[in-house]
Amino acid sequence: MYPPSNTPAFIICYDEDVVEGVESCTKSLVGKIQTTKLIHMNSIQNALAGIWCNPPGFRVEEIAPKTFQFFFEKVDDADRILKGSPWLFRNSWLVLKKWQRDLKIDQVDFQRVLMKVQLWGLPLHCRTSKMGLKIGSCLGNVLEFDVFDERDRGTFVKILVEVDISKPLLPGIPVGSHKDGVTWVEFKYEQLPQFCFRCGYIGHIEDLCKKPIILPHEDNEERREFGPWMQASHIGRKVRVSQHCSDGQPWGDQYQRTKGPLPCDVTELLDALSVNNSPQTPKGEDASLIPSVSTHQSARGSSLNDNHVAINSVDKAQDDDPQPNGVEASIITLADKENHVPHVPCTEPLSCITNLAPT
């Protein structure tokens, strides 16, 4: 069809003409529901608004059959929801992609989806991350691989892999060597939506499958290649290997108390820290008669260089020597640990002590 002769044949669209539209679309996602069922736009908007915690400015527009564009007010909401793709909607997958101006909707690849796949059946000595990377390469591009533990079932390898869902799901693969023989490794897919047990495709169920039914022989039972056993029922717990510092000690040990003597500079600071008996020295009394932390501690026969210290606590003596009134900070040694009393807040400034760990 040609335009009338009295109308322009072409109109140029400049970037400044579509600034608002481009800004709105950059905070949007495009998605397609992998299903043969009929989907209404109002139902998907109401359902996803609750699932996605009602993000501000959320709205949906249908741009193609079973293909929608989701608009958000904030980029953070779009990024958060994109990380959760694919989403499960009415037992079918909603695959999301970032909106791109240079791609038409029919050019967006909705067939490649990130999936978490568990590998079961490997011998114990073969349950390694490298084996997960090697086996996962038969499914697609592997992004992550780790060893997990399932209570009462043992360890297994889990991979995060980009799978092409335009092909049937793989139920497993044989793995082996000349030393270990051959074993069947079973694939279990996490958060797997509705799929066909007859053909292995995602998007329809067995009752709606167009693949012809192959009847088993009279003497042989039907052997099904696909089934509900391909769905993972548990996600497991990642097996963490203890991290070590550069000196070969575990990370947790560096946060434990030091067992050696304190440095001299710290000891001098502690000795210089005095606690007055009262806010002001009474008139007519000698200031030397007011006990300090160092004199009180030396009277107890303890050494700062030989024991751990703890600040902001009160050491209750078991002997008959009374504790001076008004003492609000003291030092407890390991020898006085049995005589420790409940914590008393310290009002004396302790900013002069910044680090008790040895250098």
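## A well-covered strand

Let's start inside the protein: strand β8 is mostly covered, with 8 of its 11 residues buried. Here, buried means under 20% relative accessible area, exposed means over 50%, and partly exposed lies in between, using a 1.4 Å probe and protein chains only. Strands are DSSP runs of E with at least two residues, helices are runs of H or I with at least four residues, and both are numbered from the N terminus.

This is a predicted model, where local features need pLDDT of at least 70 and side-chain atom pairs count only at pLDDT 80 or more, while totals for chains, interfaces and linings use all residues. Residues are numbered from 1 along each chain as its sequence is written, and side-chain values use heavy atoms, leaving out hydrogens and water.

## The protein overall

The secondary structure comes to 6 helices and 11 strands. Of the 359 residues, 32% count as buried. Among contacts (heavy atoms within 4.5 Å) with a separation of 6 or more, 63% come from residues 24 or more positions apart.

## The sheet around β8

β8 belongs to an open sheet of 6 strands, ordered β9-β10-β6-β8-β7-β11, with antiparallel pairing. Strands β9 (172-177) and β11 (237-238) stand at the edges with a single partner strand each, so one side of each has no neighbour in the sheet. Two strands pair if DSSP finds at least two bridges between them.

On one side, β8 is joined to β6 in the antiparallel sense over 8 bridges, and R112 has D164 in β8 as its bridge partner. β7 and β8 also run antiparallel, joined by 10 bridges, with D146 partnered by K158 in β8. The β7-β8 hairpin has 3 residues between the strands, and D152 takes a positive phi near 70° there. Further along, β9 and β10 pair over 6 bridges, and I173 has V185 in β10 as its bridge partner.

Helix α4 lies across β6, β7 (140-150), β8, β9 and β10, running at about 140° to β7. Such angles run from 0 to 180 degrees between N-to-C directions, with axes as lines fitted to C-alpha atoms, for helices over the stretch in contact.

## Two nonpolar cores

A nonpolar core is a set of buried Ala, Val, Leu, Ile, Met, Phe, Trp, Tyr and Cys residues joined through side-chain atoms within 4.5 Å. The largest one has 30 residues, and M115, V117 and Y189 touch the most other members. The elements giving it two or more residues are β5 (92-98), β6 (112-120), α4 (129-136), β8 (154-164) and β10 (181-189). Apart from this core lies another, of 17 residues, among them I39, F58, F68 and F72.

Leaving out residues up to four places away in sequence, V117 touches L139, V157, K158, I159, V161, F187, K188 and Y189.

β4 is joined to β5 by 3 bridges, and W87 stands opposite L94 in β5.

Helix α2 (residues 41-51) has S43, I44, L48 and A49 as its buried residues. Their cover includes β1 (28-34), β2 (59-64), β3 (67-71), β4 (87-89) and β5.
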